[in-house]
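Me: I'd like to go through this protein with you and ask where the labels come from. Could you set each value against its cut-off as we go?

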Amino acid sequence: MVLYSKEGGGNTWSYSALARAVFNNQLGVMRLLIQLGAKMDETREWYYLPSNGAAATGFVEGLKLLKEKGCNLSAKGSTGSTPVLAAARNGHLSVLRYLVKSGCSLECVGIKKCTAAHYAAIYGHQNIIQQLHDWGKPLDKDDEDGNTPAVHADSNGHSQCADLIRRLV
């Protein structure tokens, strides 16, 4: 399938036609591309997985189709991101709930050993923090640099999120 490229952060990201359809919430196009043999779990350097794109954009229906067609919703992309981490980073609680219901683990870690709680805190997503706590997930793990989610929330200007984390731990 055709790959699209985009410069970002000093790297060239590659997107398949399937990933573009995901980003544009085009369920019919996704069905057609999968029927034509589009790869769903292909990993290569700086390649964006369709499942990560669906999670990042809050496209639950896209995730459902990918799963129905055999996509591994726990697959890690080339940068270590998973759909769970993408959903947490972008504040998509309904996606996170769907992924957990589908059997995805919340124990995944991305770049610098950041957890879903770290990513939610970096972007101030209190709804995700609360849900992770309700599921019994730790909110005080250190990342590779020794920073907790509360530290990340504070350093990114999300004091209310940091306060929530401190109350919950």
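**Labels and their cut-offs**

Reply: Gladly! Along the sequence, the pattern is β-β-α-α-α-α-α-α-α-α-α-α. This is a predicted model, in which local features need pLDDT of at least 70 and side-chain atom pairs count only at pLDDT 80 or more, while totals for chains, interfaces and linings use all residues. Residues are numbered from 1 along each chain as its sequence is written, and side-chain values use heavy atoms, with hydrogens and water left out.

Me: How many helices and strands are there, and what makes a stretch count as one?

Reply: The protein has ten helices and two strands.

Me: Why is His-152 called buried?

Reply: Buried means under 20% relative accessible area, exposed means over 50%, and partly exposed lies in between (1.4 Å probe, protein chains only). His-152 has 13% relative accessibility, so it counts as buried. The residue sits in helix 9 (residues 149–155). Leaving aside residues up to four places away in sequence, His-152 touches His-118, Ala-121, Ile-122, Asp-143 and Asn-147, where contact means heavy atoms within 4.5 Å. Across the protein, buried residues make up 47% of the 169 residues.

Me: And what makes Lys-112 partly exposed?

Reply: Its relative accessible area is 41%, so Lys-112 is partly exposed. Lys-112 lies in the loop between helix 6 and helix 7 (116–122). Its phi is positive, about 60°, although Lys-112 is not a glycine. Lys-113 belongs to the loop between helix 6 and helix 7, and its phi is near 60°, again a positive value in a residue other than glycine.

Me: How do you know that helix 4 and helix 6 are roughly parallel?

Reply: Helix 4 (residues 60–68) and helix 6 (residues 93–101) pack at an angle of about 20°, with axes 10 Å apart. Axes are lines fitted to C-alpha atoms, for helices over the stretch in contact, and angles run from 0 to 180 degrees between N-to-C directions. Angles under 35 degrees count as roughly parallel, over 145 as roughly antiparallel, 65 to 115 as roughly perpendicular and the rest as oblique. Helix 4 and helix 6 are therefore roughly parallel to each other. In this contact, Val-60, Leu-63, Lys-64 and Lys-67 of helix 4 meet Ser-94, Val-95, Tyr-98 and Leu-99 of helix 6.

Me: Which residues of helix 6 are buried, and what do they pack against?

Reply: They are Leu-93, Val-95, Leu-96, Tyr-98 and Leu-99. These buried residues pack against helix 3 (50–57), helix 4, helix 5 (83–90) and helix 8 (126–134). Just after helix 6, Gly-103 takes a positive phi of about 100°.

Me: What makes helix 8 and helix 10 roughly parallel?

Reply: Helix 8 and helix 10 (residues 159–168) pack at an angle of about 10°, with their axes 10 Å apart. Helix 8 is therefore roughly parallel to helix 10. Gln-126, Ile-129, Gln-130 and His-133 in helix 8 meet Gln-160, Cys-161, Leu-164, Ile-165 and Leu-168 in helix 10.

Me: Which residues touch the most other members of the largest nonpolar core?

Reply: Of its 51 residues, those are Leu-99 and Ile-129. Such a core is a set of buried Ala, Val, Leu, Ile, Met, Phe, Trp, Tyr and Cys residues joined through side-chain atoms within 4.5 Å.

Methods. Helices (H or I, at least four residues) and strands (E, at least two) are DSSP runs, numbered from the N terminus.
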